[in-house]
Every structure is written in C-alpha cells, then in structure tokens.
Amino acid sequence: MDIIESFRTAFSALLRNKVRSALTMLGIIIGVSSVILLISLGAGLQKSITAQFEKLGTGTLYVVPGKFGEGGGLAGGSGMSTNKFKFSDADRIKREINNISAVTPGIESITSVEYRGGKRKGVIFLAIDSSFFAIGDYNVKQGRFFTENENKNAKRVVIVGQTIVEKLMGGVNPLNKQISVRGKKYKIIGVLEKQGSIVGQDQDNMVILPAETANRQIGFDRPTWILVKASSNEIIPTVKKDIEKLLLNRLTDDDFTVLTQEESLNIAEQILGIVRVVFVGIAAISLVVGGIGISNIMFVSVTERTREIGLRKAVGAAPGDIFIQFLIEAVTLSFAGGAIGLLLASIGTLAARLFMPAVVTPFAVILAISFSVAVGIIFGVVPALRASKLEPIEALRYE
Amino acid sequence: MSVVSAKNITKTFGEAPNKTIVLKNISLQINKGEFLSIIGPSGSGKSTLMYLLGLLDVPTKGAIYINGQKTKDISEKDRAKLRNREIGFVFQTYNLLPRTSALANVMLPLNYSNVSRDERKSKAMKLLKDVGLSHRISSFPSQLSGGEQQRVAIARSLICGPSIILADEPTGNLDTKTGEQIINIISQLNKQGKTIVLVTHDNNIAKKTNRIVTIKDGQVLSDKKNR
C-alpha cells in the first residue's frame with residue numbers, strides 16, 4: 001500500500017478524535033519533555049559548575065572541613081557540622097608547604113543586609129583576607145578592595161555586589177555609604193563588577209568583609225574553606241599530600257579533606273548524577289505509561305473500526321497493509337507526543353537560560369524523536385497485529 | 001471460459017456437536033459476461049456462497065477457481081491481491097468509510113495497487129460521473145441518500161477493473177424505486193460486458209437477470225436460464 005496514503009489515513013483517524021488523541025499523548029509528552037529538560041538543564045548545570053571552578057583558575061586545591069570519600073566520593077561527609085579549621089592553618093600552609101603560589105582562607109555564609117530600613121535576605125556573605133583578590137576572579141567596578149592592613153586592623157569596611165546596590169540601595173552612589181550586616185554598620189569601599197548567576201544563584205547578591213573584621217564583629221573565626229594554588233598543575237598531587245600531612249599534625253583524618261579541582265568537579269557531577277537518575281526514572285515511567293495508553297487506545301480504535309478493516313480487506317488490503325496502517329497510527333500518535341514534548345522542553349530550556357547556560361542539544365532532539373517513535377512501535381505492534389489478523393468476513397459482519 | 005467457479009465446495013461452521021452445515025457439495029461455474037442471480041430464502045447459504053466465490057472466506061472442502069486459477073492453499077496476501085484485482089463487492093449496507101469523501105471511498109481499492117494518486121483520482125472521478133454523482137464527489141456518506149451511497153459503492157467496486165462484480169442484496173436497504181435504479185445501473189454494467197453475480201431473496205429482481213440459481217438448505221435446487 002501507498003505509505004503516504006497510510007499517513008493520510010492515520011492523520012485523519014487521529015484528528016477525528018482530537019481529545020482522545022491529546023490525552024493519549026500526555027504520557028509521551030511528559031516523558032519526552034522531562035528527558036530533554038534533564039539533558040539540557042544537566043548540560044547547563046555542568047557548564048556553570050565547571051565555569052565556577054575555572055573562575056579560580058587551574059591548579060587550585062580546596063581544603064574543606066569534614067570527610068569526603070576517596071576519589072571524590074560522597075561517603076561520610078559527617079564532619080560537615082563540626083568545623084575545626086583556624087585561620088592559622090592557612091598561615092601554616094603558606095609557611096611550610098613548597099611549590100605553592102598562594103593560600104587564602106575564607107568564610108562563606110548566608111546573611112541579611114539592611115540599608116535605611118530596607119532589608120535583603122539570602123545575601124552571600126564572604127569573609128576573606130586580601131590574598132583572595134589575587135586568586136579569585138573578582139574585579140571592582142567602583143572604589144577598591146580592602147588592604148591587608150585594613151584586614152589586620154579589623155576595619156569596618158565592606159565590598160558589595162551589583163544586586164545590593166540596585167535592589168537594596170535603589171541605585172544611589174554606594175561609595176562611603178553605611179550598610180548593616182548582622183546588625184552592625186560597615187562602610188562601602190568598593191562595588192564588584194557584575195557576575196551573573198551560577199546554578200540559579202545570583203552572584204551579585206553578595207557582601208565581602210575582611211576576615212578579621214568578621215572575627216571581631218561577628219565572632220566568625222573558623223574558615224569554611226582554604227584555597228591553595230599550586231605553582232604548576234603537575235605538582236598538584238604532591239602538594240595535596242604535603243597539605244594532608246601538615247594538617248594531620250593538628251587535626252584528625254575525619255576533620256578535613258583536600259580536594260583537587262578535578263575531585264571537586266567529580267563531587268558536583270555525582271550530585272548531578274543522582275538528580276539525573278531520578279529524572280530518568282520519572283521519564284521512563286511516564287514513557288511506559290504513555291505507551292500503555294497508546295496500546296489501549298489502539299485496541300479501542302481497532303474494535304471501533306472492525307467494519308472498516310473488513311471492508312479494506314474485502315477491497316484488497318493484505319494483512320501487512322492493515323498492520324502498517326495501524327502501526328503508523330500508533331507511531332504518529334507517539335511521535336506527535338514526542339514533538340510536543342520537545343517543544344515544551346525547549347520553552348522550559350529557554351526559561352532556564354535566565355539562570356544557567358542550558359541548551360537543547362541535537363543529541364537530545366534525536367533521542368526524543370527516537371524514544372517516542374520506539375514507544376509507538378513497541379506499544380503499537382500488538383493492536384496492529386490484532387487488526388491485521390481479523391477475518392474479513394467476521395469483520396464485515398461486526399455490529 | 002469461466003471467470004469464477006466453485007468445485008464441490010462444502011462449508012461448515014463450528015465443531016461437532018454444534019456443527020452447522022451451510023453449504024453441501026456445491027459446484028457452480030460463472031462464465032464471462034453472465035448476469036446471474038443467486039436466490040433463496042434467508043439462511044439458505046446464498047450469502048455464504050457469494051463470500052466464498054469472492055475469496056472473503058475459505059471453503060471447508062472443495063476449491064474456488066478464479067480465471068482458472070485454483071485459490072486453495074494460497075496465502076492471505078495473494079487472496080487479497082486477487083480480491084483487489086479480480087473482484088468487486090457491492091454490499092447491502094454499502095460499507096462506505098464514514099467521514100470520508102465519496103471520491104476517497106471510490107479511490108480506496110486502488111490504494112492497495114501500485115497506481116499513482118493522480119491516476120487514482122481521475123479514475124474515481126470518471127466512475128463517479130458514470131454513476132451520475134459528479135456533483136457529490138466531496139460529500140461524506142452521511143450527506144448522501146441510500147441510493148447515492150450505493151452508487152458510490154458500485155463505482156468503488158469497478159475501480160480496479162475486476163473480472164466479476166459480486167452484489168449481496170444491493171437493493172435490500174432501498175425503497176422500490178431507488179432499488180430499480182440501482183438494478184438498472186447494474187444491468188447496464190452487464191451490457192457493457194461485466195460479469196455480475198447478484199444475491200437476492202426477491203424474485204422480481206432475479207427475473208431481471210439472465211440466469212437464476214436457486215439455493216435451498218445449502219444445495220442448488222435449480223439452475224435455469226432466464227430469457
């Protein structure tokens with residue numbers, strides 16, 4: 001039989017029952033759109049995480065409290081709550097480890113910031129010494145960074161991000177204005193260049209205080225991380241071992257972990273992997289449910305059109321022709337569902353671009369199309385076989 | 001030479017002890033150009049005989065020959081091909097596809113043979129014109145009267161240029177006047193050389209054919225030339 005004619009027949013049959021077809025496609029739509037969203041968001045997430053690490057340059061090691069499993073695994077992590085780091089640990093690393101170009105400790109937290117009665121919550125709080133500016137990829141747009149002297153003397157100065165200026169201060173010239181962080185006032189001496197968002201977190205919604213100021217004013221005296229920059233990439237494993245050895249003098253094995261950039265990326269990817277498995281599960285379930293829906297509706301369709309099948313056979317349709325006709329109908333249904341799912345996922349991805357560099361890859365498109373076609377074929381075969389095996393005479397007499 | 005013939009065919013339904021014998025050892029030869037009616041009371045087996053002649057069903061015993069070719073033991077695919085090329089069906093209930101235009105209904109059998117869409121269309125247009133329906137080509141069956149629907153069905157039965165037309169009570173659902181028009185179209189086709197088998201229970205219609213085969217209780221009661 002003419003294959004174009006089969007498609008024509010399939011389309012008109014599906015259009016005849018618009019609501020039914022749409023409901024049948026729902027499972028496929030959900031399945032395909034979640035697969036595509038997963039892939040494009042996953043790729044975006046990975047990109048932005050990688051970008052975040054790259055911002056600190058290669059050759060960076062992260063010393064963090066608590067225990068992460070070997071090879072960057074997530075085993076344990078129990079030490080997270082008991083941070084035993086001191087700022088002096090960073091000084092010791094700086095003094096005693098060879099082949100490093102920079103060491104900088106920092107405290108990272110979330111705080112609220114006030115300005116003239118206005119309040120902003122969920123602001124990224126960073127307390128560092130001046131050595132950070134040499135490692136981190138931060139630049140001031142206005143004003144300046146604080147000096148090491150200002151840090152040592154615990155001056156009440158602060159550097160703010162663009163969001164603080166725009167949203168909290170209403171766009172006034174922020175330099176030399178006073179803002180409150182955790183109830184105490186600080187003078188703004190610098191404004192950071194715009195950073196954008198990473199993984200949905202606004203990096204401009206930030207305040208940076210000198211570490212010593214944070215210690216004296218707020219009582220934050222334990223760094224949440226120490227960044228160490230190796231002088232070359234080849235030396236990283238040696239530096240890692242040396243740092244571990246040094247810290248073991250004062251701390252136990254469970255108190256800290258030295259992660260290379262690669263290992264940190266691995267951890268991030270492992271977390272992504274868990275999210276991915278959950279999504280794939282949802283997608284797989286809805287594809288199967290969608291497929292069963294298609295099977296079900298095709299059985300209904302075959303029964304409804306028994307006389308039509310009988311007539312087609314009477315005028316010369318071979319069993320194969322009937323089989324192909326109904327299979328095409330099932331595949332058209334699932335393909336249309338896949339196409340709509342792809343469209344929805346593309347819209348979702350566009351929306352997600354506000355937060356991360358998500359993109360619908362050609363691979364995802366091919367995957368969506370082949371998944372939906374495969375579901376149509378797998379779940380359309382049995383109803384199509386039943387249609388093709390109907391006895392013409394029985395089918396014609398069917399009431 | 002016979003277009004369709006049945007040799008010693010028996011048809012039973014079901015298994016013992018509920019076995020029903022519908023046709024008993026029937027032989028029948030239909031020659032080219034004949035206009036034949038199969039007549040008999042309901043339940044006599046006349047429709048079953050027609051469906052067997054049209055390869056829509058398989059005899060329990062015996063064989064059907066189309067243009068001298070034995071159709072026993074051929075694949076369902078080949079039977080479909082023979083139905084497509086050699087046999088045209090006209091049913092009592094028309095059996096048009098609903099929500100499908102008259103034109104598409106007539107074109108349907110050609111979808112199953114290798115003919116281009118343009119050719120299918122022009123052939124169907126011509127046949128619809130021949131049955132006087134050129135003004136209704138895009139109408140759906142639900143918009144057509146019974147007589148018009150049956151004329152569409154006749155056009156459909158002709159489109160592949162079959163050797164024989166098998167019509168099962170083609171006037172059964174029509175009033176007397178419309179029925180006569182349909183019979184006139186059918187006898188016109190016979191005059192143009194088509195071989196036609198008409199199954200009916202109506203003696204008045206049978207009288208308009210050239211040969212009357214009477215079936216009773218699954219057997220041929222009589223086989224007479226008419227006029």
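At what angle do the axes of helix H9 (residues 261-304) of chain A and helix H11 (residues 319-352) of chain A cross? The views below start there. This is a predicted model, in which local features need pLDDT of at least 70, side-chain atom pairs count only at pLDDT 80 or more, and totals for chains, interfaces and linings use all residues. Residues are numbered from 1 along each chain as its sequence is written, and chains are lettered from A in the order in which they are written.

**View 1. Helix H9 of chain A crosses helix H11 of chain A at roughly 140°.** The two axes, lines fitted to C-alpha atoms over the stretch in contact, come within 10 Å. H9(A) brings A:Gly290, A:Ile294, A:Met298 and A:Val302 to the contact, while residues from H11(A) include A:Phe326 and A:Leu333; contact means C-beta atoms, placed from the backbone, within 7 Å. By class, six of these residues are nonpolar, three polar and one charged.

**View 2. Chain A is split into two domains.** Domain 1 takes 3-51 + 268-397 and domain 2 takes 85-250, as set by an automatic or database assignment. Their centres, taken over C-alpha atoms, are 51 Å apart.

**View 3. Residues 282-392 of chain A carry a UniProt annotation.** The unreviewed entry labels them "domain: ABC3 transporter permease C-terminal". The stretch is 86% helix and 0% strand, with end C-alpha atoms 42 Å apart.

**View 4. Chain B meets chain A.** The contact takes 18 residues from chain B and 19 residues from chain A. Helix H2 (residues 76-86) of chain B gives the most to its side, with six residues.

Key. Two residues are in contact if their C-beta atoms, placed from the backbone, lie within 7 Å. Helices (H or I, at least four residues) and strands (E, at least two) are DSSP runs, numbered from the N terminus. UniProt positions are given in the numbering used here, feature names are shortened, and annotations may be inferred rather than shown by experiment. Axes are lines fitted to C-alpha atoms, for helices over the stretch in contact, and angles run from 0 to 180 degrees between N-to-C directions. Ala, Val, Leu, Ile, Met, Phe, Trp, Tyr, Cys and Pro count as nonpolar, Asp, Glu, Lys and Arg as charged, and the others, Gly among them, as polar.
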